[in-house]
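Please read them with the structure open.

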Amino acid sequence: MRVKEVEDGFVLRLEQGDELIASLAEFMKERAIGSGAVTGLGAVNRACLGCYLLEEQDYSAREFEGDMEVVGLTGTLSWYDGEPFPHVHLMLTDRDFQATGGHCFEAHVSATIELMVRTYEARIERRRDEAIGLHLMEF
């Protein structure tokens, strides 16, 4: 992962073999990021995406393999239980230009992922909401 500081945050370039969520967590720890917003694009060859099922209070997850373009990446950076909590959603397309998307559990870079990260000093924590079953931002 390569990092460049810019006026209102950072530009990150993930490299072959990097894993998206782990890289963002590492970045948050190294730079003591309180919170932030992330957008990006790139290419992956393996990803695990999910869709949250409210009634079951659990994710339906699926793994995808093969060359895929990251045509949309958006997320937030916060903290849960003292650990970085990158919350990212991805939209991927395959060689047939079929799209799929969802909550990103992991994504492995095949060529690169370019990220624009807007950061904030305010530390945003998450707490588990028992009625919904998710770790929600707490203000």
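1. In this predicted model, a polar atom of the Ser35 side chain lies 2.7 Å from the backbone oxygen of Ala122. Ser35 is placed in strand β3, residues 35–53, whereas Ala122 lies in the loop between β6 and β7.

2. Are the two partners buried or exposed? Ser35 has 5% relative accessibility and counts as buried, because the cut-off for that class is under 20%. Ala122, at 47% relative accessibility, counts as partly exposed.

3. What else does Ser35 touch, leaving aside its neighbours within four places in sequence? Besides Ala122, Ser35 is in contact with Leu77, Arg118, Thr119, Tyr120 and Ile124. Counted in the same way, without residues up to four places away in sequence, Ala122 touches Gly34 and Ser35.

4. Strand β3 pairs with β4 in the antiparallel sense, over 16 bridges. Within this pairing, Ala43 has Glu69 of β4 as its bridge partner. The hairpin of β3 and β4 has four residues between the strands, and Gln57 there takes a positive phi near 50°.

5. Strand β4 also runs antiparallel to β5 (residues 83–93), to which eleven bridges join it. Trp79 stands opposite Pro84 in β5. The hairpin of β4 and β5 has two residues between the strands, and Asp81 in the turn has a positive phi of about 55°.

6. With β7, strand β4 pairs in the parallel sense, over two bridges. Here Tyr80 stands opposite Arg126 of β7.

7. The charged end of Arg123 sits over the Trp79 ring, 3.9 Å from the ring centre.

8. How many aromatic pairs does the structure hold? There are four. One of them joins Phe10 and Phe27: the ring centres are 5.1 Å apart and the planes stand at 80°, so this pair is edge-to-face. Phe10 belongs to strand β2 (residues 9–15) and Phe27 to helix α1 (residues 20–31), so the pair ties together parts that are 17 residues apart in sequence. Both Phe10 and Phe27 are buried.

9. Another pair is made by Tyr59 and Phe105. Their ring centres are 5.0 Å apart with the planes at 80°, and the pair is therefore edge-to-face. Tyr59 is in strand β4 (residues 58–80) and Phe105 in strand β6 (residues 99–120), so distant parts of the chain, 46 residues apart, are linked by this pair.

10. Tyr59 counts as partly exposed at 26% relative accessibility, and Phe105 counts as partly exposed at 34%. Ring pairs also bring in Tyr52, which forms a cluster with Tyr59 and Phe105.

Definitions and conventions:
Residues numbered from 1 in each chain as written. Predicted model: local features only at pLDDT ≥ 70, side-chain atom pairs only at ≥ 80, totals over all residues. Heavy atoms only, no water. Phe/Tyr/Trp six-rings, centres within 6.5 Å; stacked < 30°, edge-to-face > 60°. Buried < 20%, exposed > 50% of the residue type's maximum accessible area, 1.4 Å probe, protein only. Lys NZ or Arg CZ within 6 Å of the ring centre and 35° of its normal. Polar contact = N/O pair within 3.5 Å; in protein donor to acceptor, adjacent residues only side chain to side chain. Contact = heavy atoms within 4.5 Å. Pairing = 2+ DSSP bridges.
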